[in-house]
Amino acid sequence: MKKLISILLAAVMVFAFAACGNSSGTNGGNDAAVTEPLEVLTKAWEGLPEDEKFPAAGGDMTTPVDNAPGKFDVSDTDNLSYMLSFPAESADLIDSAASLTHMMNMNTFSCGAYHLKNAADAATLAQALRDSIQSRQWMCGFPDKLVVITINEVVVSMYGHEDLINAFRDQITGAYTAAVINYDEAINF
């Protein structure tokens, strides 16, 4: 009888530990399912405390979204480059995107998330995004910092005021255990 109770208790403990293991992160621990750029930006934006949010807009010029991230048309490479500092020569690496920018000054906060056609291209795109942002000529307001993060086949780039960038970076890395910070550096002028 003691043996049977011990076996049952052991089984219950195993199931309890397995259930706990499945609840890591705010996405149910299923980072492998991260494939939608809009999901990543929305989760980070919604996770920010209200006092850290700013006047924001998402999406692109044809489908803007107020106070939330929005989908960005990747077929318009000129707009990708202009609005998000996306390297036009890398457009063939992605098949969808989302954005969130500061409504008053994009150099205060600009963030793009990009879904790769092939996850093996993550490091290549991360480097291209970093180089594109670092080589930009700033005219109206100067961003302090850039961060590039990969989460499986999603690459997120952001630049702007250091406090805003750090808060958004922390939301993404806190929400996704698979998030890897590729670059976290000051912007050179």
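**Surface and burial**

I started with the surface: the protein chain exposes about 9600 Å², and carbon and sulfur atoms supply 58% of that area. Accessible areas come from the Shrake-Rupley method with a 1.4 Å probe, and for residues only the protein chains shown count as cover. I noted that this is a predicted model, where local features need pLDDT of at least 70, side-chain atom pairs count only at pLDDT 80 or more, and totals for chains, interfaces and linings use all residues. Residues are numbered from 1 along each chain as its sequence is written, and side-chain values use heavy atoms, with hydrogens and water left out.

Next came burial. Of the 189 residues of the protein chain, 45% count as buried. Buried means under 20% relative accessible area, exposed means over 50%, and partly exposed is in between (1.4 Å probe, protein chains only).

**Fold order**

I listed the secondary structure: five helices and eight strands. Helices (H or I, at least four residues) and strands (E, at least two) are DSSP runs, numbered from the N terminus. Along the sequence I read α-α-β-β-β-α-β-β-α-β-β-α-β.

I then looked at contacts, meaning heavy atoms within 4.5 Å. Among contacts between residues at least 6 apart in sequence, 63% join residues at least 24 apart.

**Helix α2**

Which residues of α2 are buried? In this helix, residues 37-47, I found Pro-37, Leu-38, Val-40, Leu-41, Ala-44 and Trp-45 buried. Seen down the axis of α2, these buried residues fall within an arc of 160°, so they line one face of the helix. The arc is that of the directions from the helix axis to the C-beta atoms. The general rule: an α-helix has 3.6 residues a turn, so residues three or four places apart point the same way.

I followed Ala-44 across the chain. Gly-174 sits in helix α5 (residues 162-175). Gly-174 is partly exposed, at a relative accessible area of 47%.

In α3 the buried residues are Asn-79, Leu-80, Met-83 and Leu-84. Viewed down the axis of α3, they fall within an arc of 105°, so they line one face of the helix. What covers them includes β3 (70-72), β4, β5 (109-116) and β7. On the face turned away from the buried side, I found the exposed residues Asp-78 and Tyr-82.

Ser-85 follows α3. Its phi is positive, about 60°, although Ser-85 is not a glycine. I placed Ser-85 in the loop between α3 (77-84) and β4 (94-102). Is Ser-85 buried or exposed? Ser-85 is buried, with a relative accessible area of 0%.

Ser-90 is found in the loop between α3 and β4. At 7% relative accessibility, Ser-90 counts as buried. Leaving aside neighbours within four places in sequence, Ser-90 is in contact with Leu-125 and Ala-128.

Asn-152 is not a glycine, yet has a positive phi of about 55°. I located Asn-152 in the loop between β6 (145-151) and β7 (154-160). Asn-152 counts as partly exposed, at 31% relative accessibility.

Thr-35 lies in the loop between α1 (2-21) and α2. At 36% relative accessibility, Thr-35 counts as partly exposed. Outside four places in sequence, I found Thr-35 in contact with His-115, Glu-153 and Val-154. The C-alpha atoms of Thr-35 and Tyr-114 are 9.3 Å apart, across 79 residues of chain.

Ala-186 lies in strand β8 (residues 180-186). Ala-186 counts as exposed, at 51% relative accessibility. Leaving aside neighbours within four places in sequence, Ala-186 is in contact with Gln-134, Asp-144 and Lys-145. Its C-alpha atom is separated by 5.8 Å from that of Asp-144, 42 residues apart along the chain.

**Largest pocket**

Last, I checked the largest pocket, with a volume of about 210 Å³. On a 1 Å grid over the protein atoms alone, a pocket is an open set of points where a 1.4 Å probe fits, with protein on both sides within 12 Å along at least five of seven lines. Lining residues have an atom within 4 Å of a point. Of the eleven lining residues, the closest to the centre are Tyr-82, Asn-105, Met-106, Asn-107 and Arg-136. The lining divides into seven nonpolar, three polar and one charged.

Terms used:
Grid points are joined across faces, edges and corners, and a volume is the space filled by probe spheres set on the points. Ala, Val, Leu, Ile, Met, Phe, Trp, Tyr, Cys and Pro count as nonpolar, Asp, Glu, Lys and Arg as charged, and the others, Gly among them, as polar.
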